[in-house]
Amino acid sequence: MRRAIPTDGLQGAQGLWAWVTIILGVSLAVLDGTIANVALPTIATDFNADPAFSIWIVNGYQLAIVVSLLPAASLGEIFGYRKVYIAGIVLFTVASFFCVIANSLEMLTVARIVQGVGAAGLMSLNTALIRYIAPRARFGAAIGFNSLIVATGATIGPSLAGAILSIASWPWLFAINLPLGLAAVATGIFSLPESDRAERRFDWTSAGLSAIAIGLVIIAIDSIGHSAPWSVVGAEVIASAIASWLFYRRVAGTPDPLLPIDLLRLPMFSLSVGTSVSSFVAQMLAIVSLPFLFQSVYGFGPLEVGIMMMPWPLATAIAAPLAGRLSDRHSPALLGGAGLGALGLGLVLLAILPAAPQLLDIAWRMALCGFGFGMFQSPNNKTLLTSAPKPRSGAASGMLSMARLTGQAVGAALAALILGRLGVTGTTTSLWVAAGFAVLAALVSVTRLRLFDAAEG
């Protein structure tokens, strides 16, 4: 018998265990991303691989998530968020096992791609489920708490990776996903709520076209980084443009399209998406490049690198709930603009580190970046989600994750391009480029001021 759809959140034990499932699911995706970033130099050395090629351990994961997000969100609206979310956890956990037993860079990369498909089921529907779990009056606080979970997982990840790598081999980094995944499936089956469902069929053609359009953009950037012939790069760009045009033509005339054009026509929604994409390009450029800077340029060990990566997500964990509460009384456009300005400043300060930096020199700069990013993230996420009608929560949640992962995938691909052309000395260049994207995101965020003023008026 199908359970009832909650009208204003879950109560009692079911609500508690639903939040446990959300925490476990978010932790799976976040921990896996941050752990893999820190481990890249170690994995590249183990497989005797070039740093630019080893980044595909991250790129493949991010690319798979990006191309799967919109289809996963659509499947959630058709079959129910809880079913697709749990299926994503199962696939992610199985793929983690193959990461553990991978005996080549190619096998690890393939396993990471499958992981990314599973992670898309988590990331695309996470905030949509929260809209059914949390009461309406506490939705802003729930979004802030979700950001806190993400930031806490990101904080634990680097130090956990460094600690594991100091005493064990890298496959153990992925082994920790197995008990987390099993626990998330067990709690999710019994606690996650049912959701509204759309009366439509899944559009396989649109899903395929969107995957081609998005995937080829990332692949083209990577091809430039690996000095592929310009004829190949041009063919990839042209094919992506054709797929994008066909995709748009197909979804433009359909109700509840795979790409939520109805939501993107809302200025507040589209500007929030644009701000998010640019900010995550900046973040990922830095997060992928910094371990190479710290380990390969400055000569710190894996454990020290893990410790040095911690201040960023720790500061985000402090700032995100604070920013969520402030957004109830102050303009999210100003909060986001100020936060992204602080992120850009922190990235510039990291780019001009002294030749032999001390841990404290790095720590406070990383904390400034993280605090600025946290001040932006919660208000922007709340604005993006609440600008969409509740029945379109799946589409809005999918676009939120799509913006984040698109930015991260582009950022990782740009980092691979810069490292491929300049080697590890290009890490400073990556930080300057990241600072530019942060400033761009700040400008886009501030342009929303007039929309907030109009809404209040």
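How many helices and how many strands are there in the chain? Then take me to tryptophan 312: in which helix does it lie, and is it buried or exposed?

Guide: The chain holds 20 helices and zero strands. Helices here are DSSP runs of H or I with at least four residues, strands are runs of E with at least two, and both are numbered from the N terminus. This is a predicted model, in which local features need pLDDT of at least 70 and side-chain atom pairs count only at pLDDT 80 or more, while totals for chains, interfaces and linings use all residues. Residues are numbered from 1 along each chain as its sequence is written, and side-chain values use heavy atoms, with hydrogens and water left out.

Next, the overall build. The C-alpha trace spans about 60 × 50 × 45 Å along its principal axes. A compact globule of 457 residues would have a radius of gyration near 23 Å, and the chain agrees with its 21 Å. That radius is taken over C-alpha atoms, and the globule rule is 2.2 Å times the number of residues to the power 0.38. Buried residues make up 60% of the 457. Buried means under 20% relative accessible area, exposed over 50%, and partly exposed in between (1.4 Å probe, protein chains only). Of the contacts between residues at least 6 apart in sequence, 85% join residues at least 24 apart. Contact means heavy atoms within 4.5 Å.

Now your residue. Tryptophan 312 lies in helix H15, residues 311-326. Its relative accessible area is 2%, so tryptophan 312 counts as buried. Phenylalanine 53 is 259 residues away along the chain, and its C-alpha is 26 Å from that of tryptophan 312.

Look also at helix H14, residues 302-309. Its buried residues are Val305, Gly306, Met308 and Met309. Seen down the axis of H14, these fall within an arc of 165 degrees, so they line one face of the helix. The arc is that of the directions from the helix axis to the C-beta atoms. An α-helix has 3.6 residues a turn, so residues three or four places apart point the same way.

Serine 206 has a relative accessible area of 0%. Beyond four places in sequence, serine 206 is in contact with Phe247, Arg250, Val251 and Leu258.
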